[in-house]
Amino acid sequence: MTAMLAAVRAELTKILTLRVTWIVTGGILALHLLVNVANLGHFSTAVAGITPDGLIELFAGRPRPAHRAIVDLQVAASLQMGLFLPGLAAVLAGQEFRAHQLGRSLLAVPRRGVLITAKTVAVAAYLLFVSVLIAGISTAVLYVAVRDWDPGVVVSGAALLGQARFLAFAVLWGLVGYAVTLIARSTLIGVVASVALIAVTMTQVLAGLAPALDALFPLSAGRNLLLNPEENRLTAGPAHALAVLLLWPLLTVAVAGLLLHRRDAR
């Protein structure tokens, strides 16, 4: 246990001292803030127009119960930026294969099972940290929009549950990009694979032709876990979605660990 904790601390230190970590993280958070602030005027106008019976039109001609619509918007805003997390994780994982860093890591932690576990825990912890910041930005911007109406809606039970689900999705989804990068030993392949998985869901082709197959892809599972089925065409329920999100990193990290045992350290 002591060796594992020391390995996790070492991996976290490595992540936090990489310049690229802060460049990519800063880019993701800045983009998230920019997009949300750009939409703040629209959100504020919609909140100002909430009817006496509690309906809001976030989109013209589509009135919805205000509390539910605002919570859905809050979670969807976080989900939108969560798309970039596998890319961040791929960058973190890919640093091991620059200048034979993996060989030096194995000199410090010769037991490869301990090393892969420590790396996975460290990356998951960093992804959780970034995801909390993303959720915090979504909440803060919407708070500005609703503070004169009902500021408690963004920290209501429904909102907190939605953001907790986002955090689970964000970490599990990000770990897929991390594991694929370890398997391929290439940051570029990890990023390209993540983009391909996003494209499968965003095109919605499988959702129409084979919804059961679509539900097995991680981003589709994220949509199924986080979005309102009354407003979105989903392909499975939240329990199925969570199971899919758990299986993807479990299987891909297991493959990465197996290959780490069998390959040369380079």
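Mentor: Gladly! Helices here are DSSP runs of H or I with at least four residues, numbered from the N terminus. This is a predicted model, where local features need pLDDT of at least 70, side-chain atom pairs count only at pLDDT 80 or more, and totals for chains, interfaces and linings use all residues. Residues are numbered from 1 along each chain as its sequence is written, and side-chain values use heavy atoms, with hydrogens and water left out.

Trainee: Where do Phe169 and Trp173 lie?

Mentor: Both are in helix H8, four residues apart, about one turn of the helix.

Trainee: What makes Phe169 buried?

Mentor: Buried means under 20% relative accessible area, exposed means over 50%, and partly exposed is in between (1.4 Å probe, protein chains only). Phe169 has a relative accessible area of 0%, so Phe169 is buried. Trp173 also counts as buried because its relative accessibility is 0%.

Trainee: And why is Ala10 called partly exposed?

Mentor: Ala10 has 42% relative accessibility, so it counts as partly exposed. Ala10 belongs to helix H1 (residues 2-16).

Trainee: How many aromatic pairs does a search of the whole structure find?

Mentor: Three. Rings of Phe, Tyr and Trp (its six-membered ring) pair if their centres lie within 6.5 Å; planes under 30 degrees apart are stacked, over 60 edge-to-face, and the rest tilted.

Trainee: Why is the pair of Tyr126 and Phe129 called tilted?

Mentor: The ring centres are 5.8 Å apart and the planes meet at 45°, so the pair is tilted. Tyr126 and Phe129 both lie in helix H7, three residues apart. Tyr126 is buried because its relative accessibility is 2%, while Phe129 is partly exposed because its value is 38%. Together with Trp22, Tyr126 and Phe129 form one aromatic cluster.

Trainee: What kind of pair do Phe169 and Trp173 form?

Mentor: A stacked one, with 6.2 Å centre to centre and 10° between the planes.

Trainee: What makes a set of residues a nonpolar core?

Mentor: The members are buried Ala, Val, Leu, Ile, Met, Phe, Trp, Tyr and Cys residues joined through side-chain atoms within 4.5 Å. The largest nonpolar core has 51 residues, and Leu88, Leu127, Ile134, Phe169 and Tyr178 touch the most other members. Among the helices that each supply at least two residues of this core are H7 (112-146) and H8 (157-184). A second, separate core of 17 residues includes Phe43, Ala46, Leu73 and Ala159.
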